[in-house]
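Dear colleague,

Please find below the structure that I am handing over to you. I would be grateful if you could look through it before reading my notes.

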Amino acid sequence: MDSEKFLLAGELTENGHKLVQRVYYEDTDFSGLIYHARYLHFLERGRSDYLRCLGCEQSALIEADEEGLVFVVHRMEIDFKQPARMDDVITITTSTEKAGGAKMVLNQQIRRGETLLIAAKVVIAVINKHGRPRRLPETIAEKFLGHPV
């Protein structure tokens, strides 16, 4: 069963994480292109599955100790380069630029084959389950830094 979980969650690479997805009708607007806000969904899946493959399931982190550990998006910069269309197969890659203190910086890309569609930089705030800043534990930071940019 665990192998199925990871199969669905993409795979770790030497640079971070890779997730392959198909663009469905529900992802598009009237033109047949991905609606711009749907790219956020694909990026979130990439980040969530990166965590999962590193052994950092968010549902377990919030209950890991009395403080709890939560990741929230603090800032996101997105460059829209090319559109994707219905039925395209896209690859979402996620890599770690920084992990330490009370934040992480992740770089993400969405590609169709070799064509870059989206480039994003995501700043993640690390907070406790009460919404206050919390330092990222060294053991978790090391997992992210084991897959640098």
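This is a predicted model: local features need pLDDT of at least 70, side-chain atom pairs count only at pLDDT 80 or more; totals for chains, interfaces and linings use all residues.

Residues are numbered from 1 along each chain as its sequence is written, and side-chain values use heavy atoms, without hydrogens and water.

Six strands form an open sheet in the order β1-β2-β4-β5-β6-β3, with antiparallel pairing. Strands are DSSP runs of E with at least two residues, helices are runs of H or I with at least four, and both are numbered from the N terminus; two strands pair if DSSP finds at least two bridges between them. At the edges stand β1 (11-13) and β3 (70-80), each pairing on one side only. Between β1 and β2 (residues 16-22) there are three bridges, and L12 stands opposite H17 in β2.

Helix α2 (residues 38-53) packs on the sheet and touches β1, β2, β3, β4 (89-100), β5 (103-112) and β6 (115-127), where contact means heavy atoms within 4.5 Å. Helix α4 (residues 138-145) also packs on the sheet, touching β3, β4 and β5.

The residues lining the largest pocket include T13, H17, K18, T93 and Q108. A pocket is an open set of points on a 1 Å grid over the protein atoms alone, where a 1.4 Å probe fits, with protein on both sides within 12 Å along at least five of seven lines; lining residues have an atom within 4 Å of a point. The elements giving two or more residues to this lining are β2, β4 and β5.

Kind regards

Technical notes
Axes are lines fitted to C-alpha atoms, for helices over the stretch in contact, and angles run from 0 to 180 degrees between N-to-C directions.
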